[in-house]
Amino acid sequence: MTTVLWILLAAVALLLLLVLAAVVKALLTPAKTSTWKAKIEPEREAVYAEKLSRMVRYETISCPGDGQREKFLGFHRLLEELFPLVHEKLEKTEIDGNLLFCWKGKSSERPVVLMSHQDVVPAEGTWLHEPFSGDIADGKVWGRGSADTKCSVMAFFQGVEELLAEGYIPEQDVYLSSSCTEEILGDGCPKLVSELKRRGVKPFLVIDEGGAIVDQPVGGVKGYHAMIGILEKGMGSLRFSAHSNGGHSSYPSKGSPIAKLAGFVTELEKRDPMTVSFGPEVTAMLQTLAPYGPFYFRLLFGNLWLFKPLLKKLMPKISAQAAALLKTTIAFTMQAGSDAANVMPQEATLTVNLRYIPHQGMAESNALMERLAQKHGLEMTVLDAKDACEPVSIEGDAYHLVEKVIHQVFPELPTCPYIMTGGTDARFYQEISDGCIRFAPVVFGPEQMKGMHGLNENIDCFSLPGAVDFYKAVIRENR
């Protein structure tokens, strides 16, 4: 038998031993099940649902440009009616429709910021309930903003309102922050952060939207899990332009601007230049969820030391959601060419949206795109770009406090670190805080996920009392 064959057999034997070890480990890993169910409190649900309903009925679509402040000042008057003690007892600051409340505690050493946005996206299409009806039906509050994110605004205002009614004085300063430009990537939250910087405030903990109490957070994992957002990917919009002398469509020349762009897109679709990698945050998320999945899930994700190379190949092909966790993603979103069907364009443009992953951030990803653009004779312009945020440590005090409160308010609910592939206002707070957690304490099932920025947005009434209690517990436990 040749030396090469011996080496091959030894390699196969070693691989089989490693796979056997992984199988044994998966078999010995106790299978876990999330048995948590929301506590049903009809009286509280009715009170909170009515308040949220009134907030939804007040239309707060944000639009770029001036002239928005008066609309949001009207919404503020509704908030004052719904939460009178908050407005009577707390120091209020309004900046161009954006809100900041300060509740002075016994100490300013570990301030906490509870935040979520007032504005909503437009509501198009045909809805089961009119998008700004605020209907309470089938155990849900219906309408644009019910889930994204007036439910959170209602919950932390209500939590503070109830604590004030008890005469409670917080151990640490509490800030309530709510911008009116989140959905248009506006400057509302930066203005609030600038105000806190001016005051010298450095929050110990910031809690914004992002993760939630999610039913079936990934394929194969059943039950509810508290997905705590610890990392937010960056985002960039790039425009690619191709040029020619134009001309009449009756005698078209080769290499038109649209053809150049098509070649660029085709190459990116066939050979994605972005690197796939398991970052520490993704690894922690999958390893935490592994015991809650079926055997194959425990086998693969409970033994990443062995299966990472295989999963790096398979996951991006199986699921767009999985791909977004492992690499910078490329989305082709807008295209323009000639204004007439019989005219060859002198210029054609393509807009691409990137979501940057930490291991291949803004600078490297943009450089890769520009090199490929030059290969196809295109010009690249960076319209807007922000790098990925620094992750929150899952070993840090801020994360541990949120975990503690979740276990206190939602007994038996498993917690898990989560990677945000979308964007939130919390990224602006990272300038002054290392503890920016993305977690809305409401229940999101498949129906709520589908309604986000889509049709028939709604939130279950049974999730509202727990959300109020969560914010109250954060204030009480932050000592």
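In this predicted model, Gln158 has a relative accessible area of 6% and is therefore buried, since that value falls under 20%. Gln158 belongs to helix H5, and once its neighbours within four places in sequence are set aside, its contacts are Tyr48, Lys51, Phe83 and Val468.

Leaving out residues up to four places away in sequence, Ser178 touches Asn98, Leu99, Ser116, His117, Gln118, Val153 and Leu192.

Asp469 itself is partly exposed, its relative accessible area being 24%.

A salt bridge also brings together the side chains of Asp460 and Lys140, at 2.8 Å from N to O. Here the partners come from two strands, Asp460 from S17 (residues 458-460) and Lys140 from S5 (residues 140-142), so the bridge ties together parts that are 320 residues apart in sequence. Asp460 counts as buried at 9% relative accessibility, and Lys140, with a relative accessible area of 13%, is buried as well.

Helix H16 supplies a partner to another such pair, in which Arg476 forms a salt bridge with Glu166 and the closest N and O atoms are 2.6 Å apart. Since Arg476 lies in helix H16 and Glu166 in the loop between helix H5 (150-165) and strand S6 (172-178), the pair ties together parts that are 310 residues apart in sequence. Arg476 counts as partly exposed at 29% relative accessibility, and Glu166 is partly exposed with a relative accessible area of 49%. Elsewhere, salt bridges that share partners join Glu91, Glu195, Arg198 and Arg199 into one network.

What does helix H10 (residues 304-318) span between its end C-alpha atoms, and what would a straight helix of 15 residues span? At 1.5 Å a residue the straight helix would span 21 Å, whereas H10 spans only 17 Å. H10 also has a kink of about 50°, centred on Leu310. The buried residues of this helix are Leu304, Leu306, Phe307, Leu311 and Met315, and they pack against H1, helix H8 (280-289), helix H9 (295-301) and helix H11 (320-326).

Helix H1, one of the elements against which the buried residues of H10 pack, runs over residues 3-28 and includes Leu16. Leu16 counts as exposed, because its relative accessibility is 56% and the cut-off for that class is over 50%. Together with Leu5, Trp6, Leu8, Leu9 and Val12, Leu16 forms a nonpolar patch on the surface, and the accessible area of these residues together is about 600 Å².

Some loop positions complete the picture of the backbone. The peptide bond that joins Asp148 and Thr149 is cis, with an omega of about -10°, and Thr149 lies in the loop between S5 and H5. Leu185, found in the loop between S6 and helix H6 (188-199), has a positive phi of about 55° although it is not a glycine; at 47% relative accessibility Leu185 counts as partly exposed. Gln216, which is not a glycine either, also has a positive phi of about 55°. The loop that holds Gln216 is the one between strand S7 (205-215) and strand S8 (224-232), and Gln216 counts as partly exposed at 47% relative accessibility.

Note on methods
Residues are numbered from 1 along each chain as its sequence is written. This is a predicted model: local features need pLDDT of at least 70, side-chain atom pairs count only at pLDDT 80 or more; totals for chains, interfaces and linings use all residues. Side-chain values use heavy atoms; hydrogens and water are left out. Patches are made of residues with over 30% relative accessible area and no salt bridge: like charges are joined within 9 Å, nonpolar side chains (Val, Leu, Ile, Met, Phe, Trp, Tyr) within 5 Å. Accessible areas come from the Shrake-Rupley method with a 1.4 Å probe; for residues, only the protein chains shown count as cover. A salt bridge is a side-chain nitrogen of Lys or Arg within 4 Å of a carboxyl oxygen of Asp or Glu. Helices (H or I, at least four residues) and strands (E, at least two) are DSSP runs, numbered from the N terminus. Buried means under 20% relative accessible area, exposed over 50%, partly exposed in between (1.4 Å probe, protein chains only). The expected span of a helix is 1.5 Å times one less than its number of residues. The bend at a residue is the angle between axes fitted to the seven residues ending there and the seven starting there. Contact means heavy atoms within 4.5 Å.
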